[in-house]
Amino acid sequence: MKIKKLAAAVIAVIICGAFSQTAYCEDAAANVNVYPSEDHKNISPYIYGVNSGVDLNTVSAKSFRLGGNRMSAYNWENNMSNAGSDWKNMSDMNLISSAAEQFRRVPGGAALNASYEAQNGNVPYTLLTLQMLGYVASSKKGQVNEDMAAPSEYWKKVVNRKNGELSSEPDKKDDYVYTDEYLNYLIEKIGKSDSETGFKAYALDNEPALWHSTHSRVQTEPLKCSELIEKSVDLASLVKETDSGAEVFGPSLFGYSAYDSLAGAPDWAELKAANNYRWFIDYYLDEMHKAESESGTRLLDVLDIHYYTEAKGECGERSCGHYDNDGCVKARLDSVRSLYDENYHEDSWITDTGAEFFPLLPNIQESIDKYYPGTKIAFTEYNFGGGDHISGAVAQADTLGIFAKYGVYFATIWSFDQNEYQLAAMNMFTNYDGAGNGFGDTLVKSECDNDNISVYSSIDGEGEDTVKIIITSHDLHNETPVNIKLSSDSRYADAEVYALYGDSTEIHRLDDISKIKDNSISIDIKPLSVTEIVIRSDKKSAVPVIAVCAAALIAVGAGVCIALKKRGK
């Protein structure tokens, strides 16, 4: 009996030793568990994107958008655009002012230059904004006053389909600009969406809920919901007729009030009551789904929204730059939680009015599942601020991690004058070592017990030989000891460590972890930082845990048998 008890005890010790968690000894430590074989979720590479105006030599972006207010009134025939209320309703050549020389005097120069920039920057996915406002700038330059509003000689009317043969060179002397001729021209120059240089997707204009204020020289009355749907269906149909492989993005909503009611559209209250919609996004998805049923072709591939945080810092300002105020910095770091955390209530006018649709991502997905399943999600403009400070890098890294976790398909940050920390954070996901290596393409399960630490873990494909973990620290002043346990049949040998912290946008290569014991790592994470740990298995010596345990059990069993024989049992 004593021998049986001894054998059982030995077996228990071996099994517990094989599967035990890291011994955590510090209350301040963050305990992280990573499960490389669980909860696999594909990460879209297109969440690592930028809008035009960003120097693609400074960031390894995977998607690129040509959009913004000027694109609503962009005349592809002569490259003129109108700034709307952004700058005195000025019509000029702004969109090609910094374009490569070969695109400044040819039709579609802004679009062709965007494709060219993306190719030179090795960006695989490009999105072009098409014109749906109704009028674009004519050849007349300068400020457009109220008495020059469309229709007038200061504008050209946009017509989706030309009644006649499409020309490879547009007629600049007539009163119309044709969208089908534009698409045909671009396809002749750079190819369709399945080509290396062609645009992969087209957006149905930009921020239509604001046309009445931004482009008041064209949209003199508030836009109705029904008008937007009519315009959207017609333009989306044209895109699919011209390039069936291209994806369509819409409706490019500017912010929370647009998601809610299309910024108080005149017909919204009646539509909402008649159909029991929660918010405008329900209506838009429902109508685009109905349009697909009628046409037999999916007309909306990606729900396109913009999001700029409205959260206020301790100072009372929205997304402030008071980096010496801990409360203000903390407010920025927390603001990302409005995307996903139902327990977070940001200090903003949105919360003051109820914040019914926060957290945002779960609410959007609920609407998609109900009204138009299979629709992807895009944030074609977003920014959580702090582009000139490490807090902006941490917020940006968390945003990308959340986009990955919630299955966002496409995201392009709208950068302001200073964006270096945000772009450095993006490089942590796309080019942490300067050699083009980035975060994995498959998100895996991670758990953490410390609110000051966020963890995002990945592998490539299904293989567990390499695990990449990104850790963001929200602790403003202190290092955080982090104990990481990888629950995997693979045996991990060593790890590289990269970090973004302090007063530098440089991604630092820290000391490697040369020996990993029992698939456990302990590392001190710097305050207010983004750290990436690239953990690799030792394939030569790797033995699955279950095999080790089986061998141990066999060995113990053999020992017990020998002992019993010696005692004549």
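The structure is a predicted model, in which local features need pLDDT of at least 70 and side-chain atom pairs count only at pLDDT 80 or more, whereas totals for chains, interfaces and linings use all residues. Residues are numbered from 1 along each chain as its sequence is written, and side-chain values use heavy atoms, with hydrogens and water left out.

The protein has 14 helices and 24 strands; helices (H or I, at least four residues) and strands (E, at least two) are DSSP runs, numbered from the N terminus. Of its 569 residues, 55% count as buried, where buried means under 20% relative accessible area, exposed means over 50%, and partly exposed lies in between (1.4 Å probe, protein chains only). Contact means heavy atoms within 4.5 Å. Among contacts between residues at least 6 apart in sequence, 71% join residues at least 24 apart.

Eight strands form a closed barrel in the order β3-β4-β7-β12-β13-β14-β15-β16, with parallel pairing. Two strands pair if DSSP finds at least two bridges between them. From one strand to the next, the twist averages 25°; axes are lines fitted to C-alpha atoms, for helices over the stretch in contact, and angles run from 0 to 180 degrees between N-to-C directions.

Strand β7 (residues 125–130) runs parallel to β12 and is joined to it by four bridges, with T129 having A203 of β12 as its bridge partner. In strand β12 (residues 201–204), A201 and A203 point one way while Y202 and L204 point the other way, and all are buried. β12 then pairs with β13 in the parallel sense over three bridges, and here A203 stands opposite F249 of β13. Strand β13 (residues 247–253) in turn pairs with strand β14 (residues 302–308), again in the parallel sense, over four bridges; L303 of β14 is the bridge partner of G250. The peptide bond that leads from G250 to P251 is cis, with omega near 0°, and P251 is itself placed in strand β13.

α11 lies across β14 and β15 (376–383), and its direction is at about 150° to β15. Helix α13 (residues 420–430) also packs on the sheet, where it touches β3 (49–51), β15 and β16 (410–413), and its direction makes about 150° with that of β3.

α11 also meets another helix. The axes of helix α8 (residues 280–295) and helix α11 (residues 360–371) come within 9 Å and cross at roughly 30°. The two helices are therefore roughly parallel to each other, given that angles under 35 degrees count as roughly parallel, over 145 as roughly antiparallel, 65 to 115 as roughly perpendicular and the rest as oblique. On the α8 side the contact is made by I281, D282, L285, D286 and H289, and on the α11 side by I364, S367, I368 and Y371. By class, this contact has five nonpolar, two polar and two charged residues; Ala, Val, Leu, Ile, Met, Phe, Trp, Tyr, Cys and Pro count as nonpolar, Asp, Glu, Lys and Arg as charged, and the others, Gly among them, as polar.

Several loop residues also deserve a look. A355, in the loop between α10 (349–352) and α11, has a phi near 45°, a positive value in a residue other than glycine. At 13% relative accessibility, A355 counts as buried. N519, placed in the loop between β22 (508–513) and β23 (520–525), likewise is not a glycine and has a positive phi of about 55°; at 1% relative accessibility, N519 counts as buried. A cis peptide bond, with omega near -5°, links A150 to P151, and P151 is in the loop between β9 (142–143) and β10 (155–159).

P107 is in the loop between β6 (90–92) and α2 (109–120) and is buried, with a relative accessible area of 5%. Neighbours within four places in sequence aside, P107 is in contact with W76, E77, N79, L112, E169, P170 and Y185. P107 and Y182 are 75 residues apart in sequence and 8.8 Å apart in space, C-alpha to C-alpha. G321, in the loop between β14 and α9 (326–335), is partly exposed, with a relative accessible area of 44%. The C-alpha atoms of G321 and G386, 65 residues apart along the chain, are separated by 6.7 Å.
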